[in-house]
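Have the viewer open and follow along.

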Amino acid sequence: MVPIVELKGASKEYVNGSLRVVALREIDLQIFSGEYAVIMGASGSGKSTLLNLLGCLDPLSGGDYLLGGENISQFSDDQLSDIRSRRIGFIFQSYNLIPQLNVLENIEVPLFYQGVSEAEAAERAVVLAERMGLADRLKHKPMELSGGQQQRVAIARSLVCDPILMLADEPTGNLDTKTGHEILELIDELNAEGKTIVMVTHDDDIAHRAQRVVCFRDGEIISNDWNGASKP
Amino acid sequence: MTTMPLTRMVKLAVKNLSQYKLRAGLTMLGIIFGVCSVVAMLSVGEGANREIQEKIQRMGSNNILIKSVKVPKDENSITSSRNMIATYGLTYEDAQQFSQYVPNLEASTPMKVLRYDVQYKARKLQTDVIATTPWFLRVQHYRMMRGRFLTGSDMEFGSPVCVIGSRLARILFAGYDPLGKTLSIDHDAYTVVGIAGDIAQGELPPKGELWLEGENQNVYIPLRTYLNKRGDLFAQWSEGGGTFEKIEIHELILTIDKQENVVRAVDAARRILRKNHKAEDYSIVVPFELIRQARETRRLFNIVLGSIAAISLIVGGIGIMNIMLATVSERTREIGIRRALGARRADIVMQFLMETLILSLSGGMIGLVFGALIPLMITAATEVQTVLTFPAFAIAFTVSVTVSVVFGIYPARRAALMDPIEALRHE
């Protein structure tokens, strides 16, 4: 079985002035289809860097990254953009909705860059918005929604192009416990439907929901637990 | 890899611009003023140019106009010269020598221009009587409305015939057909044989008289006839006495065969006049030289205009750049989000460039409308002639749009080259 994500000796260095910062040290990591992996670690441990790499927002300094069996380490910026729009769904801590667009338009953004027709994009966006319980909020601007609702819009947006990998960066970080819980339930639901999810979090309770916890320290993986689930 | 269709890019740009209506409006104002001023200035310039060209053209670019001019005398001689005969101006000898020595001369048309009372039945008015030769019509490019102009036989026999201007025909003969009627010029009888059309603009009487430009109120009679009747002495009575003037030729039009020979002919004519006249009691007008001067002036005007236009458009362009830079930095996060969701650099460039383009296109359009209205208003409010030309529109519009797109590229590229991760972190 081909893993969705396969990192081979992946490393990442930043040059900050004269200082060379190593963010990731030759990481090997495999994530398989349908997995729900949580990445934990203190800030500066390299987990955000990993998420950016997985999301094709940042090129590797060394090693290889195979996404769905395709080696994208040498891809051009345009090719990476295309990969992001077709294969990856992002969920951010601060939602990152575009303020001047309404709910439907926000959900449609990734389809926009794939050249999907307006009618089809609207159709797909409506279906997802309804599923997220936003049927009566379609024409609202993000500012008119609660945090939980905004995160639901963001989740709908991440699902709209049916990605093979969903990346979530502390999706409940800005939400109260109850709303956060609802969002986590939603993510569980998506995982149950077969979505592959990688989530960065600080929260141990959240980590217990996932089948797998990857812990980072100083740019290295220090533990890789399957939470008692069977290792694929 | 697919690109977004143009119509959706336009929609997106319009949507984004409508978020900041005031800002967009103010930015457009720069372009509006730029385009508007260029179009308006070009129209006024072109109008002035046409007016001058027309005037000169009607004098005939192959002609040299020589006029007799009264030389002002000092105080003493004025008092002593009262009731004496003042002799000045062009002579028959001058004309004779011109015909002999001016190269490439095609025709020489002498004129006497005199002011007389013209009367038909009870109607009477004072107007210019021009005693000349049949060539006059051809040299001045007049149009005959009815009848004929003076002919060679009129000259030969000194026939008492006259041709009247269209306006005079209307005023003096209101209700009658002038052809064949006899009018009196200072008590001499002349039979009307033709009606001439518009007058050349250069010959218009001084302002203050109420008539429309270009309308002809002159009477043309054969020079021979006039000389037979009156000779060269002209008496003019005014309050406190009268003056006698002896002028052989009031105006002389030398017609040269080709334009390129005009300059040489002028030199020859000047030499002759300088030799024959002690005082400079003549003036030479060369329409051809006026045209050249007008062209030179026009060129200078265009340079000045071009610089002003360039400056105003660059200022407009900088305005656009400034606003777009502000917009880009304000929307850094949006750029990050769009990049994360799959926008390529080209998509981001297009997004911002499209906003610039729409700003400048609509600004340009509005500018064109105002640029067309202002000259119309100027023409309506004043006597100044203005001409709206297509090149003026095209130049103003394309230049402004090009400038703003050029100035829009930098902010758009800046947006596209942002690191998406940095952009996403931007607050």
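## Where the chains meet

Between chain A and chain B there are twelve residue pairs in polar contact, counting pairs with both residues at pLDDT 80 or more. Keep in mind that this is a predicted model. Which helices of chain A each supply at least two residues of the side that touches chain B? They're helix H2 (77–87) and helix H3 (103–112). H2(A) brings the largest share of that side, eight residues. Sorted by class, the side of chain A that touches chain B comes out at eleven nonpolar, ten polar and nine charged residues.

Salt bridges show up here too: the count between chain A and chain B is four.

In residue terms, chain A puts 30 residues into the contact and chain B puts in 26. Together, the two chains bury about 2800 Å² between them, and 55% of that is on carbon and sulfur atoms. Which residues of chain A lose the most area to chain B? That would be A:Gln100, A:Phe112 and A:Tyr113, which together make up 29% of what the chain A side buries.

## The six-stranded sheet

Now over to the sheet in chain A. It's an open one with six strands and mixed pairing, running in the order E6-E7-E8-E3-E9-E10. The edges belong to strand E6 (88–91) and strand E10 (220–225) of chain A; each has a single partner strand, so one side of each is left without a neighbour in the sheet. Going from one strand to the next, the twist averages 20°.

If you'd like a specific pair to click on, A:Ile91 has A:Ala168 in E7(A) as its bridge partner.

## Helices on the sheet

Helix H1 (residues 47–54) of chain A packs on this sheet and touches strand E3 (36–41), E6, E7, strand E8 (197–200) and strand E9 (212–217) of chain A. The direction of H1(A) makes about 150° with that of E7(A).

Helix H5 (residues 147–159) of chain A packs on the sheet as well, touching E6 and E7 of chain A. For H5(A), the angle is taken against E6(A), and the two directions make about 170°.

Note on methods
Residues are numbered from 1 along each chain as its sequence is written. Chains are lettered from A and ligands numbered from 1 in the order in which they are written. This is a predicted model: local features need pLDDT of at least 70, side-chain atom pairs count only at pLDDT 80 or more; totals for chains, interfaces and linings use all residues. Side-chain values use heavy atoms; hydrogens and water are left out. Two strands pair if DSSP finds at least two bridges between them. Helices (H or I, at least four residues) and strands (E, at least two) are DSSP runs, numbered from the N terminus. Axes are lines fitted to C-alpha atoms, for helices over the stretch in contact, and angles run from 0 to 180 degrees between N-to-C directions. Contact means heavy atoms within 4.5 Å. Buried area is the accessible area (1.4 Å probe) that two parts lose on being put together, summed over both. A salt bridge is a side-chain nitrogen of Lys or Arg within 4 Å of a carboxyl oxygen of Asp or Glu. A polar contact is a pair of N or O atoms within 3.5 Å; within protein, one must be able to donate a hydrogen and the other to accept it, and residues adjacent in sequence count only if both atoms are side-chain atoms. Ala, Val, Leu, Ile, Met, Phe, Trp, Tyr, Cys and Pro count as nonpolar, Asp, Glu, Lys and Arg as charged, and the others, Gly among them, as polar.
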